[in-house]
Amino acid sequence: MPSESASPTLSWNLARDLGEVLEYHFMVNALLAGSVVAVMAGLVGWLMVLRRQAFAGHTLSMMAFPGASGASLVGIPAAWGYFAFCGAGALAIGRLSGRGRGTSPEQGARIGAVQATALALGFLFVSLYGGVLGDLESLLFGNILAISDGQLLLLAAVAFAVLATLGALARPLLFASVDPDVAGARGVPVRLLSGGFLLLLAVAVAATSQITGPLLVFALLVAPPATAQLITVRPAVSLLLSVLLGLMIVWLGMGIAYFSVYPAGFFISAIAFAVYLLVRIAVGLRGRSASARGAADARPAEARA
Amino acid sequence: MLSHEFMRNALLAGSFVALACGMCGWFVVLRGQVFAGDALSHVAFPGALAAAAAGVDQRVGLFAATVAVGGGIGLLGRGVLVARGGGGGGSTPADDTAIGIVFTFILGLGLFFLTLFSIGSAGGAGIQAAHTLFGSIFGLGAGEARLAAMIGLAIVLLVLLIGRPLLFATLAPEVAAARGVPTRMLGVGFLALVGMVAAEATQAVGALLLLGLLAAPAAAAHRVTGRPFAGVLLAGAFAVGAMVAGLMLAYAVPWLPPSTAVIAVAMAIYGVSAIRS
């Protein structure tokens with residue numbers, strides 16, 4: 001929704017269109033920020049999907065709401081609130097969910113309890129702030145077209161830190177995610193890694209929230225990795241694919257949003273969903289035809305995803 | 001306190017909404033479908049906004065969206081179960097990813113409708129969105145409150161009706177299927193029912209806070225007793241208690257929004273049950 005530009009129109013000369021988009025500083029910032037987020041979410045989200053912590057990730061993304069409203073109540077920059085609440089949420093989930101991964105019934109209920117508490121707090125902050133929710137839309141859905149240079153720098157620094165930590169922890173974390181029991185027996189600190197990963201996820205979510213908004217963080221955190229893991233089970237290829245898909249989705253979504261009155265968040269989530277759906281159908285068809293030929297080797301890939 | 005009409009309406013509607021939430025929630029927690037319930041509560045938001053954008057009554061949009069998505073998640077989960085050779089009765093982890101992707105897309109649609117709506121009518125969109133997200137229980141009229149109570153009662157009766165086969169199908173899906181219980185249909189039907197609960201509760205505590213009423217009283221009941229029907233009743237009682245106490249608290253403390261107060265009491269109940277056991 002570039003309100004300050006005189007209604008952009010899409011000519012079918014793509015090079016000229018791209019040039020027009022890049023003339024605006026806010027669009028350059030938005031594209032850069034979107035790319036950083038796509039890379040970070042693609043990598044962190046890949047592990048999240050592998051560890052089956054989608055619900056925890058979603059709950060962490062909801063932490064951004066009390067974070068932002070609490071920060072505006074106290075009068076500090078919103079980013080501090082995001083990081084504080086996401087970090088606290090990660091600690092709470094890590095403490096409550098105990099050993100093991102996946103979603104045991106009680107564990108799901110506990111994560112749900114954390115989320116409901118956070119949202120109730122957020123609503124309390126909003127109503128204490130004055131009761132007028134004029135800015136609700138940008139609080140919930142972010143405003144990618146209003147990224148300042150400072151925010152972009154902060155985001156890049158956070159992304160660098162997250163990816164460096166992830167790189168350092170990659171091998172034991174992958175081991176602990178794929179087979180926690182064996183990893184634990186080999187002396188890998190599974191619990192510590194689990195808590196550490198949640199914190200990492202929280203930081204990534206907090207940084208992403210300012211771009212896509214807490215409700216749509218998930219589009220980038222879960223859809224590209226899930227799609228990549230549907231396509232291949234080989235970790236390195238799948239990770240790369242996840243990042244590339246994320247980048248493609250963000251660029252395409254923002255490109256379309258520039259020429260339309262509807263917000264980028266909608267296009268990003270819609271494209272991410274469409275890509276996942278197409279791949280899932282394709283994989284399903286391939287699995288069916290493979291099993292019809294009597295080859296059962298496509299089954300594990302499908303069941304894994 | 002009871003001399004105020006808005007308080008009477010809130011207590012009437014709230015109690016039945018809470019009863020439905022608590023009793024349904026007990027099964028949701030047992031089946032490990034808290035994330036699905038969460039997704040349904042978020043779906044209520046785009047549903048209401050779509051109805052607002054189309055100019056129909058928001059309840060129509062609410063119920064249509066949540067029941068449709070509830071059934072859809074049930075069917076999707078069924079597909080996954082078939083692919084995995086018909087495993088357990090609850091949600092599988094693969095479900096969680098699919099749920100996450102589907103409801104993110106639907107939230108994206110919500111954003112679309114919010115924009116559509118705010119282009120159409122300047123101003124009202126933000127307030128409408130806030131009411132959908134956080135509920136406006138003190139703003140219910142007498143007719144709306146009676147309707148909400150009746151729908152809540154209907155949900156409670158439905159839960160009691162399918163309670164026994166649903167319990168059977170959840171705890172021993174293979175045995176139940178062998179005995180002729182339609183486990184898959186029950187699974188889909190149950191999620192559609194949760195969708196109704198979500199739509200119903202959205203009007204009272206709002207789409208974002210429904211989860212607290214669905215999960216916390218039920219989790220507390222699971223902690224207190226392992227017996228099924230005592231658990232269902234206890235979950236309902238906890239939820240109603242949280243609702244009534246929360247509403248009174250919000251009445252007494254002017255700066256406290258009712259939704260926050262209700263969730264706070266529900267969390268306190270869960271906290272006490274977690275410490276004691």
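This is a predicted model: local features need pLDDT of at least 70, side-chain atom pairs count only at pLDDT 80 or more; totals for chains, interfaces and linings use all residues.
1. Make-up of chain B. The chain contains 11 helices and zero strands. Read along the sequence, its pattern is accordingly written α-α-α-α-α-α-α-α-α-α-α. Of the 277 residues of chain B, 58% count as buried.

2. Span of helix α6 of chain B. This helix covers residues 142-171, which makes 30 residues.

3. Packing of two helices in chain A. Helix α2 (residues 25-50) packs with helix α8 (residues 149-178) in chain A at an angle of about 15°, and their axes are 10 Å apart. Angles under 35 degrees count as roughly parallel, and α2(A) and α8(A) are therefore roughly parallel to each other. The crossing in which α2(A) passes α8(A) is left-handed. By class, the contact of α2(A) with α8(A) has 21 nonpolar, three polar and one charged residues.

4. Burial of helix α3 of chain A. How many residues of α3(A) are buried? The helix comprises residues 54-62, and nine of its nine residues are buried, so that α3(A) is described as mostly covered. Among them are Phe55(A), His58(A), Leu60(A) and Met62(A). The buried residues of α3(A) also include Ala54(A), Gly57(A), Thr59(A) and Ser61(A).

Definitions and conventions:
Residues are numbered from 1 along each chain as its sequence is written. Chains are lettered from A and ligands numbered from 1 in the order in which they are written. Side-chain values use heavy atoms; hydrogens and water are left out. Helices (H or I, at least four residues) and strands (E, at least two) are DSSP runs, numbered from the N terminus. The expected span of a helix is 1.5 Å times one less than its number of residues. Axes are lines fitted to C-alpha atoms, for helices over the stretch in contact, and angles run from 0 to 180 degrees between N-to-C directions. Angles under 35 degrees count as roughly parallel, over 145 as roughly antiparallel, 65 to 115 as roughly perpendicular and the rest as oblique. A crossing is left-handed if the near helix is turned anticlockwise from the far one by less than a right angle, and right-handed if clockwise. Ala, Val, Leu, Ile, Met, Phe, Trp, Tyr, Cys and Pro count as nonpolar, Asp, Glu, Lys and Arg as charged, and the others, Gly among them, as polar. Buried means under 20% relative accessible area, exposed over 50%, partly exposed in between (1.4 Å probe, protein chains only).
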